[in-house]
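This report covers a pocket and a helix pair. Please look at the model first.

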Amino acid sequence: MSIYVTKPLMPDYQEYIEEIRCLFESGMLTNYGRLHERFRRKLKTYLGVDGIELCTNGHLALELALQTLGLAGTGGEVITTPFTFVSTVHAIARNGLTPVFCDIREDTMTLDAEKLESLITDKTVAIMPVHVYGSVCDVERISEIAERHQLKVIYDAAHAFGVEYQGKSILQYGDASVLSFHATKCFNTIEGGAAVFPSRRDAQKFRRMCNYGIVSEEEIQEIGGNAKMDEFRAAMGLCNLRGVDAAIEKRREITAWYDKRLQGIPGLTLRHAQEEVSQNYTYYILRIDPAVFGVTRDDVCRELKTYGVYARKYFYPALNEIPAYEQLGRQYPTPAAHRAAKEIVTLPLHDGMNEEHVAMICSCILNLAAAAERKAV
Ligand code: T4K
């Protein structure tokens, strides 16, 4: 038996068939159809945000958000973090902008706002922080710095579906926030994403940018692309929205099973709990300090694989160490990001798991360290 890092949330087969039946009757499969609009409205209510527009995936939503805010092609610099999925940084670079890497906080692994200001120059046009693993960035401090320097803020909120801070959606901060609805996330539309803008004008422009800049049959306003969400994926979104609360609750339960077995072990650090933040439990992350635990994160991944458990190294390597970016622009030391990239493992977490799976995974990790300790004495 194999246990993968995640497994998509899927609706009941019959429920999905019922949802797409109308598409076989109407033949309207894409281009802002009825299901797209219904899904968008329901999502808006569920997330508690205005100005949300759907997209074909999270990555293109990031690229198009930068274009919507007028940043693409300016040749400016965008401050971001090297501890993220490669999509974040590619979205910046593919818009003719230069990523500048800021280190992360040791506890939340989000962009370290205390180091941010010293990286701002007259070339800086924006900040792209990441709510990595659904942990909330220092939104107030980032807003204050951005305002003072007149910079745009685009949050990569790919992991932050449904995350709330002080009782409100985290998506309301910044000039834009971008979600991913990829199959591997806690909520999915197979592939998919969305962008949230506080400005109605920006939201409308983003919507046009996802459809070639078309306003009407006779008017084209911008140089947009094609990044529309089709009706089949909107149908998946409608179905999954009904099941997502139960799936998040199951993820919370599994997280507690892990925590019970792994907390208090020297050399292991569990996820940092943030005050006034409600989680979505998309990822179970474990930090392994090899000097104390006796084995490395990579040893643990290898051992788990022998038991058919496919944990992942989200996010390794740090992106300022990959060939595309190591020579690019100004480089600053990011020791916290490099340590995190070497020490963090993402363990399997999905609603197909039971407590025995978690017990097996934890025993495997703890036994490996115990065996290493025996060998050392
Ligand atoms: N920003 C951030 C911070 C992100 O993390 C991401 C995406 C984005 C932006 C861009 O959003 P999208 O354009 O993707 O919407 C995955 C995902 O492809 C990616 O969405 C995600 N982040 C990233 C962190 O992880 P891989 O290469 O690790 O996925 P893969 O195919 O190895 O899948 C992992 C496991 O999940 C598999 O071992 C089995 C299981 N799985 C996977 C798929 C695709 C399933 O059971 N069913 C499936 O359909 O990238």
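## The largest pocket

The model is predicted. Its largest pocket has a lining of 29 residues. Nearest the centre of that pocket lie Phe85, Ser180, His182, Thr184 and Lys185. The space inside the largest pocket comes to about 480 Å³.

By class, the lining holds 14 polar, ten nonpolar and five charged residues.

## Packing of α2 and α8

Two packed helices are described by the angle between their axes and the distance between the axes. Helix α2 spans residues 34-47 and helix α8 spans residues 231-262. Their axes come within 7 Å. The crossing angle is roughly 25°. Angles under 35 degrees count as roughly parallel, so α2 and α8 are roughly parallel to each other. The crossing of the two helices is left-handed.

## Residues at the helix contact

Which residues of α2 meet α8? From α2 come Arg34, Leu35, His36, Arg38, Phe39, Lys42, Leu43 and Tyr46. On the α8 side they meet Glu231, Ala234, Ala235, Gly237, Leu238, Leu241, Val244, Asp245 and Ile248. The residues of this contact divide into ten nonpolar, five charged and two polar. Among the residues named, Leu35, Phe39 and Leu43 belong to α2, while Leu238, Leu241 and Val244 belong to α8.

Conventions:
Residues are numbered from 1 along each chain as its sequence is written. This is a predicted model: local features need pLDDT of at least 70, side-chain atom pairs count only at pLDDT 80 or more; totals for chains, interfaces and linings use all residues. Side-chain values use heavy atoms; hydrogens and water are left out. On a 1 Å grid over the protein atoms alone, a cavity is a set of points where a 1.4 Å probe fits but cannot get out, and a pocket is an open set with protein on both sides within 12 Å along at least five of seven lines; lining residues have an atom within 4 Å of a point. Grid points are joined across faces, edges and corners, and a volume is the space filled by probe spheres set on the points. Ala, Val, Leu, Ile, Met, Phe, Trp, Tyr, Cys and Pro count as nonpolar, Asp, Glu, Lys and Arg as charged, and the others, Gly among them, as polar. Axes are lines fitted to C-alpha atoms, for helices over the stretch in contact, and angles run from 0 to 180 degrees between N-to-C directions. Helices (H or I, at least four residues) and strands (E, at least two) are DSSP runs, numbered from the N terminus. Angles under 35 degrees count as roughly parallel, over 145 as roughly antiparallel, 65 to 115 as roughly perpendicular and the rest as oblique. A crossing is left-handed if the near helix is turned anticlockwise from the far one by less than a right angle, and right-handed if clockwise. Contact means heavy atoms within 4.5 Å.
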